[in-house]
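This briefing covers the fold as a whole and then two individual residues.

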Amino acid sequence: MKHPTQPSRAVRDGGRHRWTQRTVASAVVTVLAAAGGAAVAQASDGQTVTSLRQIDAESLADAIAGRNIDVLEATFTGDDVQAGRFSGLGDTGLARGVALSSGSVIASDPQSPDDVDFTRSALLGPNTSLTTTGDLGGEGSAELDSLFGATNYDAAVLTMEVVPRHSRISLRYVFGSEEYAGWAARDYTDSFAIWVDGEPCSHVPGTSDLVSTGTINETTNSEEYVANFSGNDPTAGGHDTELNGFTQELTCEASVTAGEPATIIVAVADTADGQLDSTVLLARDGLTSSRDKGDGNGHGHKGKGNGNGAEPASSRGHGHWGWHPRAV
Ligand SMILES: [Ca+2]
Ligand SMILES: [Ca+2]
Ligand SMILES: [Ca+2]
């Protein structure tokens, strides 16, 4: 039995304090190890995830790139288990695509000494826990830190250089999180953004707010939110994914220069501590370009009444991002 709890991480992280606040995963780990035996077979029938242990970042970009997009190159920053291609996840709204997570997209191998920092996939169903955590000891993203003004951890960052045939670019995605289930409205708003040529475009529809657990949840912009639990019961949500909650399908839109390289960055990370995974799903063939729909309505245009997106997603007085023990 493995013990991906504080003693082992104390060695791995050199005593870094960020995980010492909570022990959310330990009880669940014990249950899983007892029930699962040697072979972890988490994943409902028909669901698969292939992580960067087996494929490369270019493969992720190729899966995302759709109509009128050519991929020049792609790079990934984070642990190999934090990104992969998935299929069979129709319950999330996106059946196939690419997942990036502040935890692991795959289940751990109990026999592997490399897999002590996570247990189950942040994505694959069913929803077995309200506190699925990959606490990987990874670094944060300076871009997310700058955008949200909050120190982050375990960043998963996919950077793609693409050439769009036309001047309007779209990327379809879903954002989900374990922080939905009690922590969404607190200071644990994990950090997530999509940028096109340096401009954030992952906005709540019709607003300049950036998408997060703080801006889309059961009480805020609830029409964009899908709950996947009830009370303390993770199995009561009825959606075949580990995500406790997730957004409806959303679209990042931006104007670019037709025929010229554009840089798209997708980043997700934990905030305040490394626990409770947040995950972004990018639709297969979901990155496309099209002709701009004229200059009249400003739809999708940078800088046309769309705010600057630089305001922290959590703008409801959470000015304080320090350490808070979570008694989960
Ligand atoms: Ca994490
Ligand atoms: Ca869950
Ligand atoms: Ca988190």
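What percentage of the 328 residues of the protein chain count as buried? The share is 52%, where buried means 20 or more other C-beta atoms within 10 Å of the residue's own, exposed means 12 or fewer, partly exposed lies in between, and C-beta atoms are placed from the backbone. The model is predicted, with local features needing pLDDT of at least 70 and side-chain atom pairs counting only at pLDDT 80 or more, while totals for chains, interfaces and linings use all residues. Residues are numbered from 1 along each chain as its sequence is written, and chains are lettered from A and ligands numbered from 1 in the order in which they are written.

**Overall fold**
- The protein chain has four helices and 13 strands, taken as DSSP runs (helices H or I, at least four residues; strands E, at least two) numbered from the N terminus.
- Among contacts (C-beta atoms, placed from the backbone, within 7 Å) with a separation of 6 or more, 75% join residues 24 or more positions apart.

**Glutamate 143**
- Helix H4, residues 142–148, contains glutamate 143.
- Glutamate 143 counts as buried because it has 20 C-beta neighbours inside 10 Å.
- Leaving out residues up to four places away in sequence, glutamate 143 touches Ile265 and Ala267.
- Tryptophan 195 is 52 residues from glutamate 143 along the chain, with 9.8 Å between their C-alpha atoms.

**Glycine 78**
- The loop between strand E2 (69–77) and strand E3 (83–87) holds glycine 78.
- Glycine 78 is buried, since 23 other C-beta atoms lie within 10 Å.
- Beyond residues up to four places away in sequence, glycine 78 touches Ala83, Gly138, Ala155, Ala156 and Val157.
- From glycine 78 to glycine 140 the C-alpha distance is 9.0 Å, at 62 residues apart in sequence.

Terms used
Contact = placed C-beta atoms within 7 Å.
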